[in-house]
Structure formats: structure tokens, C-alpha cells
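Have a look at the structure first, then we'll go through the points by topic.

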Amino acid sequence: MLRAGERARILQIGAEGALGVRLRALALFPGREILLLAVRGGTFLVQADGLVAMDREVAACIKVQTLPAS
Amino acid sequence: MHKSADFTRVMIVGNPNAGKSTLFNALTGGHAKVGNWHGVTVGVTERRAVLGDRAYLICDLPGIYAAESMTLEERAACAYLSDHTGILLLVAECARLERALRLFSVLAADRRCVLVLTKRRSFVRGGGRLDRAALERALGIPVLYAEGGGLRARVVQALSAARIWQWKGVLGTDRYTPCSAALSRMERLWLKPLFALPAFAAMLLLCFYLTFGAGMPGCLARDAIESLFSRVLAARAQTIPSPVLRSFVADGLLGGIGSVLGFLPQISMLFLFLILLEESGLISRLAWMTDGIFSRVGLNGRAVFSLLMGFGCTAAAILTTRGLEDRKMQRRVILCLPYISCSAKLPVFLTLAASFFRDPFPAVLVLYALGVCLALGMALLLRGKASPFLLELAPLALPSPRAVVKSLLFQIRQFIIKLATVILAFLLLSWLLSSFDVHGQLCAIEDSLLARICSAVRFLFAPIGMNDWRITYAALSGLVAKENVAGAIAMLCGEFPYPFASGAAFAVFLLAASPCVSAVAAVARELSVRFALLCSLAQTASALLLSYLVYFLLTGGAPLALIALAPVVALLLCIHGKKLSRRSADHIKTIHR
């Protein structure tokens with residue numbers, strides 16, 4: 001599981017339907033690099049194209065590979 | 001498909017918070033609501049405008065992330081697009097151009113389009129680079145920046161040159177270099193939980209204190225206006241020779257209007273706080289920070305938009321629930337909203353609190369907090385499966401003074417219009433009914449038509465020590481507009497004539513009762529008329545029971561309090577029992593599948 005401050009590359013989006021489309025529309029698609037900024041009360045804040053907040057259920061759909069710290 | 005022969009339809013389309021409504025206002029001179037958060041525009045706004053020598057119907061649509069929509073407002077926008085023809089004015093932030101072009105490739109295919117790029121200054125400051133001319137050649141449609149002078153003229157020129165969208169390529173680095181994604185110091189500060197939530201709580205408390213703390217600007221301004229009406233104008237009114245006209249002007253008009261108008265400075269301060277919150281981008285950070293809390297009561301962070309808007313106006317807050325993902329969540333939030341104390345309840349809370357306390361601030365704060373607790377309690381009672389929470393945070397920005405002043409003046413204008421129409425009409429009706437008897441003769445207030453009508457239902461407030469038709473009338477007047485309550489009390493009673501326990505119980509009734517007719521109409525539009533009327537009735541009935549409970553607790557009548565509590569507990573158990581049986585029925589269906 002990703003920790004706050006870690007960078008990762010998205011491997012797979014496991015959500016179908018409108019949620020999957022919305023994730024892709026927010027520039028969260030396979031191959032994209034993201035930074036997990038903060039976790040607060042089960043809600044995640046991710047930086048990709050902009051800042052995106054999501055709950056555990058949505059975050060669980062995004063499979064990532066941690067990148068080494070730059 | 002609809003098309004008018006008189007004008008050309010222009011539909012403004014783009015991601016949320018791209019600047020569509022700002023462009024709409026610039027083109028039409030209108031006042032579509034703008035704010036620095038995703039989901040401000042909740043319905044399609046249409047306005048005619050003459051640009052150049054042609055008439056256009058400019059349509060501001062809610063923001064869309066993708067053609068396969070997740071929220072109610074996106075679905076409404078997509079449905080509008082598929083039902084209407086016209087030119088598309090595609091609005092994209094320079095910093096989010098890639099994702100915007102992906103959306104436009106789906107929405108705008110085979111339609112005549114113009115691309116408007118917004119927020120260029122911040123994009124360039126962040127190190128971004130964009131070759132507008134090269135982009136225009138690649139897309140084959142006119143491309144212009146929203147910033148810069150002569151926007152209307154440039155848009156007119158672009159609309160006449162609009163072309164069919166056919167591009168499905170990729171943005172090359174020769175045309176576009178994205179800006180830096182580094183967060184500013186202020187952004188990083190608002191990500192720290194130990195700073196952000198306490199800072200927000202402090203801002204809210206400061207706003208409330210400045211608005212209705214004794215000796216604070218809000219109270220001082222209110223006292224000045226009330227003094228103007230009660231001393232100066234009322235004294236002049238006493239010189240009117242005709243007794244009927246004198247009664248109307250002094251008692252009906254000045255007494256009622258003056259008592260409501262006096263609260264304008266305080267209501268304005270409350271709206272100013274909400275506008276600053278919207279314009280700065282803090283509201284979406286608040287949604288992220290509070291999602292964990294809201295998920296425990298079956299909502300999600302997105303609900304904070306609507307609940308915060310509820311502090312301004314319940315009807316407007318109900319409309320923002322279109323930004324939610326599904327009908328069930330929307331229904332739950334709508335049922336919570338009436339308990340949030342809107343700005344219209346502020347006059348009556350202050351009137352009641354001022355009757356018992358030198359400094360009304362703590363009492364009013366308690367009422368606001370009680371409202372929030374009741375709203376969360378209602379959410380917990382109706383708890384269901386929360387929708388997934390996925391929200392893009394708007395960038396933090398210093399509110400533009402021009403935008404803030406414009407929004408505030410719009411709210412003040414709306415209040416004065418309401419005062420000059422609905423409230424004035426109601427006060428006039430109240431004065432007429434309270435000044436004349438059944439024979440149409442001028443009479444004492446106790447013998448008036450109003451006294452006769454309201455005496456029939458005054459028993460409702462007898463359990464809280466107010467077997468008084470005037471209080472009944474004041475409470476009923478709140479169903480039309482909450483500001484009427486303060487006006488009615490001022491006109492019929494002067495000052496609130498009952499002890500603290502009755503005042504507290506009455507305040508709780510007003511807090512929890514059905515919202516005003518505008519809010520009920522908004523619920524009817526969003527859900528159904530039957531649902532809206534049933535909810536209104538149920539809320540008023542439960543508010544009465546709650547007020548009895550408060551009164552009995554304050555007067556030490558514990559056994560009577562239990563009697564008042566019994567129906568409420570029975571209702572809660574009934575609702576909870578229904579939910580449990582529905583869940584077990586669903587579980588059985590799942591096992592059998």
C-alpha cells in the first residue's frame with residue numbers, strides 16, 4: 001500500500017463504468033505517475049494532473065507500482 | 001432536436017471550474033453563479049445576447065468530466081447537448097488542456113466549435129508554454145484566450161469562423177509544454193490536518209462572532225438601522241393624519257420592514273464568508289478533510305458543499321445536490337438541509353436571543369450547532385451505502401475583490417427584492433388581517449380577522465407556554481419565508497413577550513420545522529411534489545414534538561418530556577425497523593441468487 005509522500009506509476013484501473021471513465025478523465029490512467037500527498041481519515045489526496053481526493057473504495061481500484069524516491 | 005430561427009444557440013462546455021460561467025457572464029452581462037470549486041453550476045442557464053450584429057442564445061452548462069457521466073448535473077449537461085444543436089464554445093484551462101481535448105474529441109465531434117483557453121496567466125507563471133496559432137492550425141477551429149481586452153469582439157469574430165471539430169490527435173511538445181505541478185507553500189499548509197481543520201473552525205467562529213457578537217460590526221450596523229426606523233421614521237409616521245394610514249405605515253410597514261431590513265448587514269456578513277470560502281478554493285479542501293466524518297453518517301465529503309450553502313439559503317443548497325452521484329445520496333442530503341440554519345433564520349434567532357441575553361452570540365451559536373447536530377443525526381438515521389467519493393480540488397487562489405463584491409451585491413439585491421416583494425406582501429396581508437374585523441372595520445388586534453383564524457390552531461403552542469394566536473401566526477408565516485417570523489413578532493408583539501423556556505422551545509421549533517416555500521418547491525423539483533409535501537409535514541410535526549421536549553426539560557417536567565419523546569422514539573424505531581427488514585430482504589436475495 002502506498003504511503004503519503006511516495007510516488008508511483010499507475011498499472012491498472014480496476015473500476016468499470018462511470019467511475020472508471022471519471023478516473024481516466026482526471027488523468028488517472030495506466031502509465032501515469034502520481035504522488036500520494038496525504039491520507040486523512042480514510043480519504044486519500046493524490047497529485048496527478050491536479051489534486052484529486054478519493055475514498056478507500058475508489059483508491060482500491062487503482063493498482064500502482066511504487067517508484068524509487070527521486 | 002430544437003433549433004430556433006431567431007437566434008443561434010451557443011453552448012458553453014468544458015470541465016468543471018474551467019471558467020465557463022465567468023465567460024457566460026462576460027458575454028451576456030448576466031450573473032451566473034461562479035465560484036472556485038467544481039460543481040458551482042447545477043443547471044443549464046440560458047440568456048439571450050446580441051454580439052456584433054447577431055442574436056445568440058448563450059447557454060451555460062454544468063461542467064463535464066466525461067461523456068459517461070457520474071453525477072446528476074453531468075447527465076443533465078450531456079442530455080442538453082444531445083437534445084440541442086448549435087455552436088459549441090469549448091472552454092479549457094491552459095493547465096488542463098490535454099484532458100479537455102480528450103473530452104472535446106467525444107462531445108464536440110462533427111459540431112461547429114470555438115476553443116477558449118482560460119487561466120493563462122497562472123499557467124505561464126507556472127512555467128507552461130502554449131503556441132495558440134499552432135494549436136489553432138492543428139485543431140482547425142478558432143482558438144482564443146479568455147484573458148485580455150475586447151473579449152466580446154474576439155468571441156464574435158471566432159463564432160463567425162467556427163468550424164466542425166474533426167481533430168483526434170495528440171498535443172505535441174512543440175505546441176504545448178505543461179506547467180510545473182509543484183504545490184505552493186499555501187497549498188502545502190492547507191494539507192496539514194493540524195492546521196487546516198482548526199483554521200477553518202477558527203474562521204467560522206470569527207465570522208459568527210463578527211456577525212452577531214455584542215458590540216461587533218454586525219450588531220452595531222443592525223442597531224443603527226433599527227434606530228433609524230424606530231425613532232426617525234416612526235416618529236414621522238405618527239404625524240400622518242389618517243388613523244388607518246398611520247397604523248399601516250407605523251405598525252405594518254415600518255415595524256415589519258424595519259425589523260427585517262435591520263438584519264441585512266449581518267446576513268451580508270454571513271454571505272461574505274461563504275463567498276470568500278467559495279472563491280478561495282478552501283471549500284473543496286474542506287470536502288476532502290471532512291469526508292471521513294461524513295462517511296460515518298452515510299454521506300461523503302461532497303455533501304459539505306450543499307451543507308455549507310445551506311447556511312446561506314436552503315433552496316439554493318438543495319439545487320447543489322445535483323452534484324451528487326446518485327438519487328439516494330441526494331435524497332439523504334436534501335432531508336438534512338432544512339436543519340442547517342439558513343440566513344433567513346438569523347433575524348428570528350437574534351430577536352429571540354436578544355430578548356434574554358445582553359450578548360446573543362453564545363445563544364445563536366448554540367442554535368447553529370444544534371442545527372448541524374440535527375442534520376448529522378438525520379443523516380445517521382437515513383444511513384445507507386455511501387457513494388464513492390472522488391473529487392478534484394480547485395487550486396487555492398486569492399479571491400478576486402471584483403468577483404467577491406459582485407457576488408455579495410447580487411445576494412444583497414436578492415434579499416432586498418425578496419423584502420420588497422414576498423415579505424412586504426406578507427406584512428401588508430398581516431397588517432390588513434390584524435387591523436380589521438370580520439365586518440371590515442378598524443379594530444383592536446385581539447378582535448381582528450387574523451386573531452380569529454390563528455386562534456383555531458394556537459393550541460399547538462400551548463404546551464410550550466404560548467397559548468397565543470400571535471405566536472402561532474408568526475410560526476406559520478415562517479413557512480412562507482423565515483424572515484417573516486421576526487417581522488410578524490415585531491409587528492404583532494413588539495418584543496418577545498414570553499419567558500426563556502418558551503423562547504428556547506420556539507427557537508428549536510423554528511430550527512427544525514419545514515423550510516420556507518421556496519425550499520419546498522426546490523425539493524419538489526428535484527424529487528417529487530408528494531415527497532416534498534410529506535417531508536414538510538413530517539418536519540413540522542417533529543419540530544413541534546422537539547419543542548415540547550425542550551420546554552419540558554427546561555421547566556423540569558421530566559415525565560411530560562418522556563411523553564413528548566415517546567412518539568419521536570416510536571417513529572425512529574419504526575424507520576430503523578423498516579431499514580433492517582429491507583437489508584435482510586436484500587441479503588436473502590443475494591444468497592438465493
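Four bridges join S4(A) to strand S10 of chain B (residues 390-393), and the two strands run antiparallel. Keep in mind that this is a predicted model.

**How much of each chain is involved**
- On the chain A side, 28 residues take part in the contact, and chain B brings 31 residues to it.
- Together the two chains bury about 2600 Å², with 60% of that on carbon and sulfur atoms.
- Which residues of chain A lose the most area to chain B? They're Arg22(A), Arg40(A) and Leu51(A), and together they account for 28% of what that side buries.

**Polar and charged links**
- The rule picks out two salt bridges across the interface of chain A and chain B.
- Arg22(A) and Glu74(B) meet through their side chains in a salt bridge, at 2.5 Å from N to O.

**What chain A puts into its side**
- Five elements of chain A each supply at least two residues of the side that touches chain B: helix H1 (17-25), strand S2 (33-40), strand S3 (43-47), strand S4 (51-55) and helix H2 (56-59).
- H1(A) gives the most to that side, with eight residues.
- Sort the residues of the chain A side by type and you get 17 nonpolar, five polar and six charged.

**A loop residue in chain B**
- Asp53(B) sits in the loop between strand S2 (45-51) and strand S3 (54-60) of chain B.
- Is Asp53(B) buried or exposed? Its relative accessible area is 74%, so Asp53(B) counts as exposed, the cut-off being over 50%.
- Asp53(B) and Val156(B) are 103 residues apart in sequence, yet their C-alpha atoms are 9.2 Å apart in space.

**An enclosed helix in chain B**
- Helix H21 of chain B (residues 483-492) is largely enclosed by the rest of the structure, because nine of its 10 residues are buried.
- Among the buried residues of H21(B) are Val485(B), Ile489(B), Met491(B) and Leu492(B), and Glu483(B) and Asn484(B) are buried too.
- After H21(B) comes Gly494(B), which has a positive phi, near 80°.

Key: Residues are numbered from 1 along each chain as its sequence is written. Chains are lettered from A and ligands numbered from 1 in the order in which they are written. This is a predicted model: local features need pLDDT of at least 70, side-chain atom pairs count only at pLDDT 80 or more; totals for chains, interfaces and linings use all residues. Side-chain values use heavy atoms; hydrogens and water are left out. Contact means heavy atoms within 4.5 Å. Buried area is the accessible area (1.4 Å probe) that two parts lose on being put together, summed over both. A salt bridge is a side-chain nitrogen of Lys or Arg within 4 Å of a carboxyl oxygen of Asp or Glu. Ala, Val, Leu, Ile, Met, Phe, Trp, Tyr, Cys and Pro count as nonpolar, Asp, Glu, Lys and Arg as charged, and the others, Gly among them, as polar. Two strands pair if DSSP finds at least two bridges between them. Buried means under 20% relative accessible area, exposed over 50%, partly exposed in between (1.4 Å probe, protein chains only).
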